[in-house]
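Hi everyone, thanks for making time. Have a look at the screen while I walk you through some strands.

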Amino acid sequence: MDAIRNIVILTGAGVSAESGIDTFRSEGGLWEQHRVEDVATPEAFARDPELVLRFYDMRRAAIQTKEPNAAHRALARLDAEWAGELLIVTQNVDDLHERAGARRVLHMHGEHLNAWCTECDVRSRWIGPLIERPPCPRCGARALRPDVVWFGEMPYGMEDIFAALRKADLFVSIGTSGAVYPAAGFVRNARDLGAATLELNLEPSQGTAWFDEARHGPATRIVPEWVE
Ligand code: BJW
């Protein structure tokens, strides 16, 4: 990585799979007969809030019992040691990058540990069940929803992500199927902006042809191998 100074790393559900957190689109990756596209939308929440809140309460509780794996730890080491610019853009709502020690992390699809009050627009740390309709710590309204980005909503941090992509010498995509935009388009954005591109995934992703290089295997093996 001699000529490389600035790195953008995109991570997806595959980086947390070996910690025991289900991916979205794997075999059996359905939730109670619902596709993620049917549960993770503002329309689904309006139609059946109990179903959606139950889905997120269950996932939030499960995530809190999981631990970072060797891939998270390798990325945290890279973050700590890399003198150039580095940004880990994660699509994951878990906090396993942070619990492994990574600091330069941007959660473009939100965080399961946060709730968002749709009444006063304030985000707060909230880890209890949302299905009980707790009051917002700021305004008291019973209008908290998970602070995650659903289909049709604008992902967080897009300006910061594009600023990092413009400066990047290397773009690395880890554990993501390349099915969901705008994240799936970052490889083309990075290429157009002059970065080298590398895919690290269990299998070829939908966008694998866009990468200069692709290495396939479990994240706990191929990510530490790449970092070392
Ligand atoms: C391993 C492994 C191991 C397994 N080791 N690897 C038509 C064309 C283009 C776009 C659109 C379109 N129609 C609609 C859109 C837009 C839409 C979209 O992309 N839809 C698609 C279905 C086509 N996107 C949006 O609406 C987004 N917003 C938006 O576009 O706003 C407008 C905008 C305009 C211009 C600029 C910017 C914005 C919002 C998308 C929100 C996605 N939200 C979710 C839910 C978040 C909350 C939650 O967690 O519940 O985000 S959906 C879900 O998918 C979640 C994930 O972050 C996301 C990506 O999934 P990911 O991480 O890739 O997981 P999987 O399961 O798909 O893949 C796992 C991979 O890991 C696999 O490849 C495995 O092989 C691999 N793997 N084990 C290594 N051990």
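How many bridges join β1 to strand β2, and do they run parallel or antiparallel? Before I answer, a word on the model. It is a predicted one, where local features need pLDDT of at least 70, side-chain atom pairs count only at pLDDT 80 or more, and totals for chains, interfaces and linings use all residues. Residues are numbered from 1 along each chain as its sequence is written.

Now the answer: β1 and β2 (residues 86-90) run parallel and are joined by five bridges. Strands here are DSSP runs of E, at least two residues, numbered from the N terminus, and two of them pair if DSSP finds at least two bridges between them. Within β2, Leu-87 is the bridge partner of Val-8. β1 also has five bridges to β7 (residues 170-174), again parallel, with Ser-173 in β7 as the bridge partner of Leu-10.

What about burial? Five of the five residues of β1 (residues 7-11) are buried, meaning 20 or more other C-beta atoms, placed from the backbone, lie within 10 Å of their own. Ile-7, Ile-9 and Thr-11 point one way, while Val-8 and Leu-10 point the other way. In a regular strand, side chains alternate between the two faces of the sheet.

Let's move to another sheet. This one is open and antiparallel, with three strands in the order β5-β4-β6. β5 (123-125) and β6 (144-148) are at the edges with a single partner strand each, so one side of each has no neighbour in the sheet. Three bridges join β4 (residues 110-117) to β5, and Ala-115 stands opposite Ser-124 in β5.

How values were computed: Helix = DSSP H or I, 4+ residues; strand = E, 2+ residues; numbered from the N terminus. Buried ≥ 20, exposed ≤ 12 C-beta atoms within 10 Å, placed from the backbone.
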